[in-house]
Amino acid sequence: MEHDTALILKKLRLKNNLSFKQLSGDLKKQFDLNITMRMLESWENGKVKTLYGRQIKALAIYYNVTMDFILGYDQDEYPEIINFQIEA
């Protein structure tokens with residue numbers, strides 16, 4: 001089953017028990033990126049599909065995954081994330 005970037009980002013955040021506020025703050029502190037909570041939420045909801053290289057790279061480093069994985073490729077490399085169940 002193919003997972004799109006929005007669902008992958010949501011699973012990564014929830015698997016790491018992060019709020020939008022925590023993630024936004026961490027990205028600002030570690031990578032000097034101004035990614036707001038609203039941007040993160042929009043990406044996860046699929047409302048905004050545009051992520052730039054620097055943003056994808058920062059998220060990949062932060063979560064210790066590849067940029068390709070975040071973009072929906074190489075999903076077999078991280079089954080623990082793909083198979084992570086999101087509670088409703």
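Me: Good start! What kind of model is this?
Reply: Residues are numbered from 1 along each chain as its sequence is written, and side-chain values use heavy atoms, with hydrogens and water left out. Local features need pLDDT of at least 70, side-chain atom pairs count only at pLDDT 80 or more, and totals for chains, interfaces and linings use all residues, since this is a predicted model.

Me: How many helices does the chain have?
Reply: Helices (H or I, at least four residues) and strands (E, at least two) are DSSP runs, numbered from the N terminus. Reading along the sequence gives the pattern α-α-α-α-α-α. There are zero strands, and the number of helices is six.

Me: Why is the chain called as compact as a globular protein of its length, and what is its radius of gyration?
Reply: The radius of gyration is taken over C-alpha atoms, and the globule rule is 2.2 Å times the number of residues to the power 0.38. For 88 residues that rule gives 12 Å, and the chain's own value is close to it, so the chain is as compact as a globular protein of that length; its radius of gyration is 12 Å.

Me: Back to D32. Where is it, and what is its phi?
Reply: D32 sits in the loop between α2 and α3. Its phi is positive, although D32 is a residue other than glycine, and the value is near 50°.

Me: N17 has a positive phi as well. Is N17 buried or exposed?
Reply: N17 follows α1 and lies in the loop between α1 and α2. Its phi is near 55°. With a relative accessibility of 65%, N17 counts as exposed.

Me: Which residues does L12 touch, beyond its neighbours within four places in sequence?
Reply: Contact means heavy atoms within 4.5 Å. L12 is among the residues with the most contacts inside the largest core. Its partners are Y63, V65, F69, I70 and I81.

Me: Against which helices do the buried residues of α1 pack?
Reply: The buried residues of α1 are T5, A6, I8, L9, K11, L12 and R13. T5, for one, is buried at 18% relative accessibility and is in contact with L51, I70, L71 and G72, leaving aside neighbours within four places. Taken together, the buried residues of α1 pack against α2, α3, α4, α5 and α6.

Me: What about Y62: how far from L9 is it in space?
Reply: Y62 belongs to helix α4 and counts as buried, at 19% relative accessibility. Not counting residues up to four places away in sequence, Y62 touches L18, L23, D26, L27, Q30 and F31. Y62 and L9 are 53 residues apart in sequence, while in space their C-alpha to C-alpha distance is 12 Å.

Terms used. A nonpolar core is a set of buried Ala, Val, Leu, Ile, Met, Phe, Trp, Tyr and Cys residues joined through side-chain atoms within 4.5 Å. Buried means under 20% relative accessible area, exposed over 50%, partly exposed in between (1.4 Å probe, protein chains only).
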